[in-house]
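Open the model in your viewer and keep the selection panel at hand. Each stop below says what to select next and what is there.

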Amino acid sequence: MRTSFLIGSAAIGAASAYKATTTHYYDGQEGACGCGSSSGGFPWQLGIGNGVYTAAGSQAFFDTAGASWCGAGCGKCYKLTSTGEAPCSTCGTGGVAGQSIIVMVTNLCPYNGNQQWCPNVGDTNQYGYSYHFDIMAQNQVFGDNVVVDFEPIACPGQAVADWGTCQCNGIQETDTTPVLGDDTSLPPPASSSSKPAASSTKAAASSTKPVTSSAKPAASSTPPSTGGQQQTLYGQCGGIGWTGPSVCQSPATCKAQNQWYSQCLN
């Protein structure tokens, strides 16, 4: 694992969620993904192929759960495209915008000792960026500490073969948090400018009207009470149109004979 301090200015730059800062280092050592040996150089780490390099990734690239050896991000590849700009006017000269390279993560750029460039997960470095690649190369690759746009890609064939020789291949730390670079961790694609086609089929209007009852509610054969007046035995006490007494003198009760006539009966 490399712990050398990366130098530069502490001026703060504008951050971008899917941009990263870059630096470069050169040692060819084993690194935190177990590629090579701790006692000597590992030639392919200094350049896998034309335009393909290895890099130490900040913690979010290496392992979001905080592992420092065999992180879940080991062996993942990214395409880096130069923005042409450095993160600040005194911490690099940038490079040519639009140039691209591929890097495979084979090492960790830890926060401790590299606070200026390599942030912890969820934090930003001194320039306001959440992600950093420290590219292994003898010289500047495509700029001096250039800010890049990055995206995860499938590793080229030679990178896959080289990764297969590393100690951590197949035994990375179990990390349930998606490492940036997994398909699920990328921002969703821009919404399409095409609107969904409007349906040409209208909902059929119902030809069935709600059923309305033709039967009127039966009129009560017992009209409302007319105060305290009571009907005598055998007198009318109800029926359609009746407005007289509806309460019978005891012990008689009002009994309906038909809808038109109710009578006080014992």
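Start at Asp 134, which lies in strand β6. Helices (H or I, at least four residues) and strands (E, at least two) are DSSP runs, numbered from the N terminus. This is a predicted model, in which local features need pLDDT of at least 70 and side-chain atom pairs count only at pLDDT 80 or more, while totals for chains, interfaces and linings use all residues. Residues are numbered from 1 along each chain as its sequence is written, and side-chain values use heavy atoms, with hydrogens and water left out.

Asp 134 is buried, with a relative accessible area of 0%. Buried means under 20% relative accessible area, exposed over 50%, partly exposed in between (1.4 Å probe, protein chains only). What does the side chain of Asp 134 make a polar contact with? Show Thr 23: its side chain is the partner, at 2.6 Å. Then show the backbone nitrogen of His 24, which the Asp 134 side chain reaches at 3.2 Å. A polar contact here is a pair of N or O atoms within 3.5 Å; within protein, one must be able to donate a hydrogen and the other to accept it, and residues adjacent in sequence count only if both atoms are side-chain atoms.

Now select all of β6. Five of its five residues are buried. His 132, Asp 134 and Met 136 point one way from the strand, and Phe 133 and Ile 135 point the other way.

Five bridges join β1 to β6, and the two run parallel. Find Tyr 25: its bridge partner in β6 is Met 136. Ala 55 stands opposite Ile 135. Two strands pair if DSSP finds at least two bridges between them.

**The nonpolar cores**

Select Tyr 78, Leu 80, Val 103, Phe 133, Phe 150 and Trp 163. In the largest nonpolar core, of 35 residues, these touch the most other members. A nonpolar core is a set of buried Ala, Val, Leu, Ile, Met, Phe, Trp, Tyr and Cys residues joined through side-chain atoms within 4.5 Å. Colour the elements that give two or more residues to this core: β2 (52–57), α1, β3, β5 (100–108), β6 (132–136), β8 (148–153) and α2. Which element gives the most? β5 does, with six residues.

Zoom in on Val 103. Leaving out residues up to four places away in sequence, Val 103 touches Tyr 53, Ala 55, Lys 76, Cys 77, Tyr 78, Leu 80, Phe 133 and Ile 135. Contact means heavy atoms within 4.5 Å.

In soluble globular proteins, nonpolar side chains tend to be buried together.

**The disulfides**

Show the cysteines. How many disulfides does a search of the whole structure find? There are eight, each a pair of cysteine sulfur atoms within 2.5 Å.

Go to Cys 70 and Cys 168, with sulfur atoms 1.9 Å apart. The link is left-handed, with -75° about the S-S bond. This pair links distant parts of the chain, 98 residues apart: Cys 70 sits in the loop between α1 (59–62) and β3 (77–82), Cys 168 in the loop between α2 (157–163) and β9 (236–238). Both cysteines are buried. Check the backbone of Cys 70 too: phi is near 55°, a positive value in a residue other than glycine.

Move to Cys 88 and Cys 91, joined S to S at 2.2 Å. Cys 88 is buried at 10% relative accessible area, and Cys 91 is buried at 4%.

Finish the set with Cys 237 and Cys 254, whose sulfur atoms lie 1.8 Å apart. Here the link is right-handed, with 95° about the S-S bond. Cys 237 is in β9 and Cys 254 in β10 (residues 253–258), 17 residues apart. Cys 237 is buried at 0% relative accessibility, whereas Cys 254 is partly exposed at 28%.

**Last stops**

Select residues 229–265. UniProt lists this span as "domain: CBM1" in an unreviewed entry. UniProt positions are given in the numbering used here, feature names are shortened, and annotations may be inferred rather than shown by experiment. The span is 0% helix and 38% strand, and its end C-alpha atoms lie 17 Å apart.

Go to Pro 251, in the loop between β9 and β10. The peptide bond from Ser 250 to Pro 251 is cis, with omega near 10°.

End at Asn 145, in the loop between β7 (143–144) and β8. Asn 145 has a positive phi of about 55° although it is not a glycine. At 14% relative accessibility, Asn 145 counts as buried.
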